[in-house]
Amino acid sequence: MIRAGRLKHVQTMADLADILGKKLTTVRNQKPYAAEGHPASISSPTSRAQLWDAEQTKAYYAGQPIPELPQTDDDEDLLDRHEAAELLGIAAVTWNGYKNDPDLVNGVVLVPEGPKGTEHWPRRLVLAYKNKRPGRGAGGGRREGSGDMIPRDQILPRIAELLDADPAITVDAVADTLGITKFPTAQSGLATLRGRRIADLVEAQPDLDPKAAALQLGYPTSTHRGAIAIAQRELHARSAKPYLQQTADFLAAAGIAQQAQVEMRQPDGEHLAAAVLLAADQPAPALVWDERFGWRTATSRRHPIGKPTETAPEGEGIRYLGSGLRPEPEELLAALRDRRKGTKRPHNAP
């Protein structure tokens, strides 16, 4: 973890390569940080992005005594996903669902800062979430006077609690415990969470296929088909999101778009689409990216993506931007600034 007050001393592997005067690939291959006596990483052992404390590594390479880091837990310690999950007593893949809690979203810290940074959360926020988190199997059904519904934003976290306790839990058990309808609420929630966790495991273990991941997670065979279909859609969406978020961040930094997290959609249940809302002084309310047709301007801010279509949407106010399906952000920005360019069909439209 990153101890309170030591964020400014965090060192990435790229930083370590710089101080050693070596290429990043060389450091990764030679692993000087694995040498006996080298300061330990401050990241979880299973974290993809390893971090170090720069004061410790500086002292080590200068042949000086290595300073000790604080050992007492502090509310401002920054925890990565593995440490946050350990604090809650859950699996790291489960944390991926919990971290969408608004308080955790608003308090996330990227280390290093930027779209490629590793997510960390202050210990106080994780503890606060733990305290308000519903207990496993709480209630054994609807509590008297509680009504037939629980708040929509609590449904998936509550189902996740039950799935943590029993990977083979049934739709009936979820519905009875939480007081929600079997179809579609309990069934859809269970399938969605199983699919996301299969996707998480496949990402963590690329050699694992979704079927093997479902078995490893202990999911009943009868649930595999639906969960694997969701996992495949989830993995497909995740593969495109880095490009779209990078583009959205670039346009926001240029003052063209609103700063926001890109949300992936599959309007027809198969093809990916996403929208980026533009600033008020732009010639269109939003941009839409469709994996089949590339980028286009939209005519609606409230429903920019619109209804699913098999052909490239056309009409007044729709203009296709950039070359190819994934133009560089700079090219997209130049096209937006060129107000004289008229509507045209995308290069791959029928």
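Colleague: What should I know before I start?
Modeller: It is a predicted model, where local features need pLDDT of at least 70, side-chain atom pairs count only at pLDDT 80 or more, and totals for chains, interfaces and linings use all residues. Residues are numbered from 1 along each chain as its sequence is written, and side-chain values use heavy atoms, with hydrogens and water left out.

Colleague: Which residues of helix α1 are buried?
Modeller: Met13, Leu16 and Ala17, in a helix that spans residues 13-20. Buried means under 20% relative accessible area, with a 1.4 Å probe and protein chains only. Helices are DSSP runs of H or I with at least four residues, strands are E runs of at least two, and both are numbered from the N terminus.

Colleague: Where do they sit around the axis of α1?
Modeller: Within an arc of 100°, so they line one face of the helix. The arc is taken from the directions from the helix axis to the C-beta atoms.

Colleague: What covers them?
Modeller: The cover includes β1 (10-11), α2 (24-30), β2 (52-53) and α3 (54-61).

Colleague: And what follows α1?
Modeller: Glycine 21, with a positive phi near 70°.

Colleague: New topic. How do α8 and α10 pack?
Modeller: At an angle of about 70°, with axes 10 Å apart; α10 covers residues 182-204. Axes are lines fitted to C-alpha atoms, for helices over the stretch in contact, and angles run from 0 to 180 degrees between N-to-C directions.

Colleague: What do you call that arrangement?
Modeller: α8 and α10 are therefore roughly perpendicular. That term covers 65 to 115 degrees; under 35 is roughly parallel, over 145 roughly antiparallel, and the rest oblique.

Colleague: Which residues meet there?
Modeller: From α8, they include Ile155, Leu156 and Ile159. From α10, they include Thr185, Ala186 and Gly189.

Colleague: How do α8 and α9 cross?
Modeller: Helix α8 (residues 152-165) and helix α9 (residues 171-178) cross at roughly 125°, and their axes come within 11 Å. That makes α8 oblique to α9.

Colleague: Which residues of α8 touch α9?
Modeller: Arg158, Ile159 and Leu162, which meet Val174, Thr177 and Leu178 in α9.

Colleague: Last one. Is threonine 118 buried or exposed?
Modeller: Threonine 118 is buried, with a relative accessible area of 19%. It lies in strand β5, residues 118-122.

Colleague: What is threonine 118 in contact with?
Modeller: Leaving aside neighbours within four places in sequence, Ala49, Val109, Leu110, Val111 and Pro112. Contact means heavy atoms within 4.5 Å.

Note on methods
Buried means under 20% relative accessible area, exposed over 50%, partly exposed in between (1.4 Å probe, protein chains only).
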